[in-house]
Amino acid sequence: MLKDIKNKLEELGYNSNVRIINKKECIYSYIEGNLNSVFFIKDTDKNLKIEYFLGKIAVEKEFKTIEELLKFIKQIFPI
């Protein structure tokens, strides 16, 4: 599922990589040239979780579908 999300993010113009963090795969993604656009996506047991920063504050949000997640990303990190 994460590889599908990575491919969709790349189609939308986000730079994305699959990484291993704490022995679990996650997506590390960002907009080229924008240091405030870094976010991570993890596949939890039941949901997709996005982690990103507002200034120095870490924020987490969960989604049940890929479509909801991508809609949120496009709103928070527009290209």
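The protein chain exposes about 5400 Å², and carbon and sulfur atoms supply 50% of that; such areas come from the Shrake-Rupley method with a 1.4 Å probe, and for residues only the protein chains shown count as cover. Before going on, a word on what you're looking at: this is a predicted model, where local features need pLDDT of at least 70, side-chain atom pairs count only at pLDDT 80 or more, and totals for chains, interfaces and linings use all residues. Residues are numbered from 1 along each chain as its sequence is written, and side-chain values use heavy atoms, with hydrogens and water left out.

**The chain as a whole**

Two helices and five strands make up the element list of the protein chain, in the order α-β-β-β-β-β-α from the N terminus on. The radius of gyration is 12 Å, close to the 12 Å that the globule rule gives for 79 residues, so the protein chain is as compact as a globular protein of that length. That radius is taken over C-alpha atoms, and the rule is 2.2 Å times the number of residues to the power 0.38. Helices (H or I, at least four residues) and strands (E, at least two) are DSSP runs, numbered from the N terminus.

Along the principal axes, the C-alpha atoms fill a box of roughly 30 × 30 × 20 Å. Of the 79 residues, 37% count as buried, meaning under 20% relative accessible area, with exposed being over 50% and partly exposed in between (1.4 Å probe, protein chains only).

Ser29 sits in strand β2 (residues 24-31), while Asn22 lies in the loop between β1 (15-21) and β2. Lys23 is found in the loop between β1 and β2 too.

| Residue | Relative accessible area | Class |
|---|---|---|
| Ser29 | 0% | buried |
| Asn22 | 69% | exposed |
| Lys23 | 82% | exposed |

What does Ser29 touch, leaving aside residues up to four places away in sequence? The list is Leu9, Tyr14, Asn15, Ser16, Ser37, Val38 and Phe39, with contact meaning heavy atoms within 4.5 Å. With Asn15, the side chain of Ser29 reaches the backbone oxygen at 3.0 Å.

Now for the loop backbone. Most residues other than glycine have a negative phi. Asn22, though, has a positive phi, near 55°, and Lys23 has a positive phi as well, near 65°.

Key: A polar contact is a pair of N or O atoms within 3.5 Å; within protein, one must be able to donate a hydrogen and the other to accept it, and residues adjacent in sequence count only if both atoms are side-chain atoms.
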